[in-house]
Amino acid sequence: MRAIYPENDMLVTFAGVEDLADGSFVNDLDLRMTIGELSTDDEDDPIVREGEVTAVTSVEPVTLFSAGHGLANGDRVVVHSVGGVGRSRGTHTVANRTDDTFELSGVNHAGATYEGGGRWHRVVDGADEVPIVFEAGSSGDYAGKLDGTASLVVDRPYFAVFYDVGLYAYRLLITAECYAELNQR
């Protein structure tokens, strides 16, 4: 994945999407992208940008356990790699937070059992559920544009989550840890 910042338009390209079964290019996905933050080594930057999920409740509402997460009610997070509780994966709003837990607003599930794993990332403002559309005539290339309010910072690491709305019902399609290339042109 490559994010470019040309002439104040944040263009995101996703090239060569192929069918895993036969290697043919795919042109019918309804892709969305959310960019989450990764923590930095900067001692002057105390904001917690990501965390580990250590448990998920099996009763409603869906509650994630993440010690010292630092999130506030209303924050947006992207959750991935959670085993068992599929509805916890995706982009959500934090509700009813405590020091070590937070609910995913509006997310309920029918008794699914947590099977381990999981991480969350604070969502970058302006980079939440961005449509990524097929470029006609290409070989599986998709593109989208972050709105001008996206608060990406040069040389800071980010985490991009792509998913297909139609075919995968908001299941995670691809997770790519990336360093956004923000090139002023």
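Which residue in β13 is the bridge partner of Glu 37? I looked it up, and Tyr 158 is the partner.

Ground rules first. I'm working on a predicted model, where local features need pLDDT of at least 70, side-chain atom pairs count only at pLDDT 80 or more, and totals for chains, interfaces and linings use all residues. Residues are numbered from 1 along each chain as its sequence is written, and side-chain values use heavy atoms, with hydrogens and water left out.

β3 pairs antiparallel with β13 (158-164) over seven bridges; strands pair if DSSP finds at least two bridges between them. With β11 (130-134), β3 makes three antiparallel bridges, and there Arg 32 sits opposite Pro 131. Six of the seven β3 residues are buried (under 20% relative accessible area; exposed is over 50%, partly exposed in between, with a 1.4 Å probe and protein chains only).

The whole structure has six. In one of them, Arg 122 meets Asp 75 at 2.9 Å, N to O. Arg 122 is in β10 and Asp 75 in the loop between β6 and β7, 47 residues apart. Arg 122 is buried at 15%.

Asp 128 meets Arg 76 at 2.7 Å. Asp 128 is in the loop between β10 and β11 and Arg 76 is in β7, so this pair ties together parts 52 residues apart in sequence. I also noted that Arg 76, Asp 128 and Glu 129 form a salt-bridge network.

Technical notes. Helices (H or I, at least four residues) and strands (E, at least two) are DSSP runs, numbered from the N terminus. A salt bridge is a side-chain nitrogen of Lys or Arg within 4 Å of a carboxyl oxygen of Asp or Glu.
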